[in-house]
Amino acid sequence: MNGAQALLKTLADAGIEVCFTNPGTSEMHFVAALDSEPRMRAVLALFEGVATGAADGYARMADKPAATLLHLGCGLGNGLANLHNARKGKVPVVNIVGDHATYHTQYDAQLQSDIETVARNVSPGFVRTAQSTAALCQDAADAIAAARGLPGQVATLVLPADVSWGEGGQPCLPPALPAPTAASDEAVQAIAQAIRSGEKTIVLLGGHALREGALRSAARIAAHSGVQLLAEVFPTRMERGAGLPAVERVAYLAELAGVQLAGARHLVLVDAKSPVSFFAYPGKASDLVPAGCTVHTLCSPAQDAAASLDKLAAALGASATQPPLALAQRPGRPRGPLTAPKVCKAVGHLLPENAILIDEAITSGLMLGVMTAGCPRHDLITLTGGAIGQGLPNAVGAAIACPDRPVIALIGDGTAMYTLQALWSMARENLHVVSVIFNNASYSVLNVELERVGAEKAGPKAKSQLDLKGPVLNFAQLAQGMGVHAVRASTAEDFCQALEYALAHPGPHLIEALVPESLAGPKRKVLPWLLRALPSLPPQVARALKRKIAP
Ligand SMILES: Cc1ncc(C[n+]2csc(CCOP(=O)(O)OP(=O)(O)O)c2C)c(N)n1
Ligand SMILES: [Mg+2]
C-alpha cells in the first residue's frame with residue numbers, strides 16, 4: 001500500500017465516510033487512492049470554502065467528522081472562513097492539506113507557502129505535517145482523535161506528496177471515542193444552592209446542551225425552580241419545534257441581549273461561553289454579564305451537558321417535573337407582495353417534519369424563530385463564527401449526512417455570493433436542498449451597523465460599499481447555470497407555491513425571494529435611538545420593545 005491508500009483505509013476504519021475535496025497536483029495520489037477505498041465517498045467542491053463548510057455541516061448533523069482534501073497553503077487559505085466557523089462551533093473536522101514533496105520545499109516553488117502557520121488559526125489544537133509514509137497513519141489516527149476529542153475541533157494533517165506516494169503505508173486505528181464526564185458534585189451543589197437562594201438565575205445553554213435530552217432536563221429545572229433559560233446567540237445545532245422545550249436565544253444586538261440578561265444575579269453556563277457583544281461599539285460594554293451577577297459553570301464543552309443537567313435536576317428535586325413544551329402551531333399562509341417576514345411565515349407554514357433549517361438570512365431572518373417555533377421538530381444550524389458564506393456549504397454537508405431529511409437554507413444575497421459554488425455540488429450530488437436567497441440588493445445589516453457605530457455621516461462612496469444594486473444579481477439564473485432548478489418569487493403566493501413544489505420534488509432547488517430590506521428607511525434610522533434608550537426604560541417596556549424588534 002502506498003501512503004495515500006493506507007491513509008484512506010485508516011480514515012474509513014475510523015468511520016470517516018466522506019471527504020470533501022478540491023484537489024491539485026500534490027494531492028493526485030490521494031485522489032487516485034479514492035478508488036481503492038469503497039467506504040469513502042468523495043464530494044468535489046469548486047471552491048475550498050465550500051469543501052470546508054460542507055465538512056462543517058456534515059459533522060453538525062452526523063455527529064462525527066468528515067475529511068477535507070485541500071491544495072497547499074492557498075487552498076487552505078480559501079477554506080479558512082468556514083473552518084473558522086467550525087472551530088467556533090466546536091465541530092470536528094479532519095482537515096487534510098496536501099503539500100509539496102518534502103525534498104521539494106527547499107526550492108520555494110510557486111505554490112510553496114507556510115501551511116502550518118495558516119492552519120494554526122483554525123486548528124490550534126492539532127497541526128501536524130506527516131514526515132514519512134511509515135508514520136503517516138499514526139499521524140492520521142492522532143488527527144482523528146484530536147478532531148473528535150472533547151470538545152470537537154478542526155485537526156489539520158499536512159500531507160506531503162512523497163509521503164502520500166511512498167510505499168509501506170500501515171493503516172492504524174485511532175483510540176476509542178472518549179466518554180465525557182458529567183459536572184462535578186461541587187459545581188452541582190454550588191449551583192443548586194444559588195438557584196435555591198431565589199435570586200434571579202439564568203441558565204445559558206450552548207453546544208450540546210441544545211440537543212433534546214439536555215433541553216428536556218434544563219426545562220425541568222426551569223419549571224421546577226423558576227430559573228430562566230436562554231440559548232447561546234449562534235447555536236451550532238439546536239433541536240426545536242413542537243413537543244420540545246422552547247428556549248429563547250440571546251439576541252445578536254448587544255443592547256437587546258442586555259435586556260434579556262438584565263437583573264440576573266446568577267448566570268449558569270452549560271456548555272456555553274459567557275456572553276459578550278459580537279462587536280465593540282464606542283462607549284458600550286463588551287462583556288454582557290450584568291453588574292452584580294455571578295457566573296457559574298455547570299459544565300464545559302468538554303463535559304456531558306445532558307448528564308450534568310440531569311445531575312442538577314436531581315439535586316434540585318426536579319427530575320420528575322413535567323416541563324412545558326412548544327405547542328404544535330403554524331402561522332397562516334402569507335399573501336400579497338413578498339417581504340422577508342412573509343418568507344419566514346411561509347417557511348413556518350410549510351416546514352416539513354424533521355427538516356434541517358439553516359439560517360444565514362442575516363436581517364431577513366429576524367422573524368424566522370417565532371414563525372417556526374411550533375413547527376414539527378427540526379434542527380436549526382446557525383452562523384457560529386460570524387464569517388459569512390457558511391450556509392450553502394453547510395447545506396451540502398447536512399444533506400449528505402442526512403439523506404432522508406429535507407434541508408432548507410435561508411441565505412442573504414450578499415452572503416450567498418461568498419460560496420455560491422455550493423449549488424453546483426448540490427446539483428452534482430442530487431441533494432434535497434431548498435436554498436432560499438433573499439435578494440434585497442443590499443448588505444443591509446452593514447447599513448444598520450453604519451448607523452449604529454456612530455461613524456461620520458455616510459457619503460455616497462461609503463454607501464456604495466454596502467449596496468448590491470448595480471448590477472442587481474439574478475440568483476435564479478446563476479443557479480440554473482449550475483444545474484439547480486430555480487425560480488424567482490415576488491409575491492407570497494408565488495413563494496409558497498415554489499416552496500411546496502421544491503419540498504415535493506427531491507433534488508436541489510433555489511427560490512430567489514425578491515424582497516425589500518427588512519430594516520430600511522425610518523426603521524433603520526430609529527433603531528439606534530431605540531437601542532440606546534433601552535437601558536433607561538422600565539424593564540417591562542424594554543422587554544416588550546425587544547420582542548418587537550427581534551422576537
Ligand atoms: C467572511 C466575512 N466577510 C465579511 C463579513 C461582513 N459582513 C457581515 S454581514 C455582511 C453582508 C450581509 O449581507 P446579506 O447577506 O445580503 O444580508 P442582509 O444584511 O442584506 O440581510 C457582510 C459583508 C463577514 N461577516 N464575514
Ligand atoms: Mg442582502
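Start with R452. Its charged end sits over the ring of Y281, 4.2 Å from the ring centre. "Over a ring" means that NZ of Lys or CZ of Arg is within 6 Å of the ring centre and within 35 degrees of the ring normal. There is also R532, with its charged end over the ring of W529, 5.1 Å from the centre.

A word on the source. This is a predicted model: local features need pLDDT of at least 70, side-chain atom pairs count only at pLDDT 80 or more, and totals for chains, interfaces and linings use all residues. Residues are numbered from 1 along each chain as its sequence is written, chains are lettered from A and ligands numbered from 1 in the order in which they are written, and side-chain values use heavy atoms, with hydrogens and water left out.

Next, rings with rings. How many aromatic pairs are there? Five. Rings of Phe, Tyr and Trp (its six-membered ring) pair if their centres lie within 6.5 Å; planes under 30 degrees apart are stacked, over 60 edge-to-face, the rest tilted. Take Y252 and F278. Their centres are 5.0 Å apart and their planes stand at 65 degrees, so this pair is edge-to-face. Y252 is in the loop between β9 (238-240) and α11 (254-261), and F278 is in the loop between β10 (266-270) and β11 (294-299), so the pair ties together parts 26 residues apart in sequence. Helices (H or I, at least four residues) and strands (E, at least two) are DSSP runs, numbered from the N terminus.

F278 also pairs edge-to-face with F279, at 5.1 Å centre to centre and 65 degrees between the planes. F234, Y252, F278 and F279 form one aromatic cluster.

Buried or exposed? Y252, at 26% relative accessibility, is partly exposed. So is F279, at 45%. The cut-offs: buried is under 20% relative accessible area, exposed over 50%, partly exposed in between (1.4 Å probe, protein chains only).

Now ligand 1. Of the 18 residues around it, T363, D413, G414, T415 and V445 come nearest; "around" means a heavy atom within 4 Å. Which backbones make polar contacts, N or O pairs within 3.5 Å? A ligand nitrogen is 2.8 Å from a polar backbone atom of G386. A ligand nitrogen is 3.2 Å from one of I388. A ligand oxygen is 2.8 Å from one of S442. Taken alone, ligand 1 exposes 590 Å², and the protein buries 79% of that, by the Shrake-Rupley method with a 1.4 Å probe.

Key: Polar contact = N/O pair within 3.5 Å; in protein donor to acceptor, adjacent residues only side chain to side chain.
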